[in-house]
Amino acid sequence: MTTLLFTHPACLEHDPGRGHPESPDRLRAVLAALAAPEFARLERREAPLAALDDIGRVHPRAFAERLLAAVPQAGHAGIDADTVMSPGSGEAALRASGAVVAAVDAVVAGEADNAFCAVRPPGHHAEPLRPMGFCLFNSVAIGALRAREAHGLARVAVVDFDVHHGNGTQARFADDPTLFYASTHQYPLYPGTGAASETGVGNIVNVPLPPRAGSQQFRLGMTRTVLPALEQFRPELVLISAGFDAHKSDPLAQLQLDEADFTWATEQILAVAQAHARGRVVSTLEGGYDLRALGASAAAHVRVLMSV
């Protein structure tokens, strides 16, 4: 099994400001965990800059150009109360999306079985016309559309186990039956979307979990709802929005998962990918705000990617 790791130092230069939970230390924690000897055989690649043509499949080109033009030369520029840009934010966002695009290209071409993108800022809250929730460009959606438009895949799926609902991914996918989105998330919680009744054109699956829900509820939701729907969709590629903020130590939410749950979820998703997508999986980092838990959870996730 060959697993690629895409990252870039520019992703550390996006700095939303002192005290902001989406800090560069998050990526440092992930990279430190993946520097352990057991991960030595990861094939490490530099994340390229995403092309505006790829971003334009999710975010209109004029919108993307305006957002990049708004990146400050110094200091900070707030998009909303949660989403802040610094001078390094534009390149970081382009590298984050570029990582997923390059990972999709490599995995579809058979250069590797799967890939993990250790990048930031995260992306799944970014709607086609609205950056929000710490997110600028929706990297996982950009990767999914790359797979469909550039590689001709007929069915592309995203599974999202971040504690927050990926409203941006859902917004882009909801009316397109060739794309599938499934999310487990705490509800109610930011951004307020993700009710079970939100089903798109039959291609959206939401499993809202109440505060304090733990392993049993999460695994039941995956086993009874997400995985059967993913099986029925028969994806040719699976992307994962790998947020680790459902961990019991995370300060921004109240679910009670741990590393064993992320290991199990990754195993289940990979099993579906093996059955329908030749094992092709591309995963990208989303949330996770307790640094110790984030590093340990990302390591658990990548360990499974490498072991299949």
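Author: What follows is a set of questions and answers about this predicted model.

Reader: Why is Asp 54 called buried?

Author: The word buried is kept for residues under 20% relative accessible area, and because Asp 54 has a relative accessible area of 6%, it is called buried. Asp 54 belongs to helix H2, which covers residues 52–55.

Reader: Which residues does Asp 54 touch, leaving aside those up to four places away in sequence?

Author: Asp 54 touches Val 101, Ile 142 and Arg 146, and a contact of this kind requires heavy atoms within 4.5 Å. Two of these names return in helix H5, where Ile 142 and Arg 146 are listed among the buried residues. Arg 148, which is also one of the buried residues of H5, lies 94 residues from Asp 54 in sequence, while the C-alpha atoms of Asp 54 and Arg 148 are 11 Å apart in space.

Reader: What makes the pairing of the side chains of Asp 54 and Arg 57 a polar contact?

Author: The limit for such a pair of N or O atoms is 3.5 Å, and the side chains of Asp 54 and Arg 57 make their polar contact at 2.4 Å, so the distance meets that limit.

Reader: Why is H5 described as mostly covered?

Author: Of the 13 residues in H5, 10 are buried, which means that 10 fall under 20% relative accessible area.

Reader: What makes the largest cavity count under the rule of 30 Å³ or more, and which residues line it?

Author: The largest cavity has a volume of about 30 Å³, and the count by this rule comes to one cavity. Its lining consists of His 14, Pro 16, His 20, Glu 22, Asp 82, Thr 83, Val 84 and Phe 134, of which three are nonpolar, three polar and two charged.

Reader: How many residues line the largest pocket, and which lie nearest its centre?

Author: The largest pocket holds about 170 Å³ of space and has 14 lining residues, with His 125, Gly 133, Phe 134, His 164 and Tyr 190 nearest its centre. By class, the lining of this pocket has six nonpolar, five polar and three charged residues.

Methods: Residues are numbered from 1 along each chain as its sequence is written. This is a predicted model: local features need pLDDT of at least 70, side-chain atom pairs count only at pLDDT 80 or more; totals for chains, interfaces and linings use all residues. Side-chain values use heavy atoms; hydrogens and water are left out. On a 1 Å grid over the protein atoms alone, a cavity is a set of points where a 1.4 Å probe fits but cannot get out, and a pocket is an open set with protein on both sides within 12 Å along at least five of seven lines; lining residues have an atom within 4 Å of a point. Grid points are joined across faces, edges and corners, and a volume is the space filled by probe spheres set on the points. Ala, Val, Leu, Ile, Met, Phe, Trp, Tyr, Cys and Pro count as nonpolar, Asp, Glu, Lys and Arg as charged, and the others, Gly among them, as polar. Helices (H or I, at least four residues) and strands (E, at least two) are DSSP runs, numbered from the N terminus. Buried means under 20% relative accessible area, exposed over 50%, partly exposed in between (1.4 Å probe, protein chains only). A polar contact is a pair of N or O atoms within 3.5 Å; within protein, one must be able to donate a hydrogen and the other to accept it, and residues adjacent in sequence count only if both atoms are side-chain atoms.
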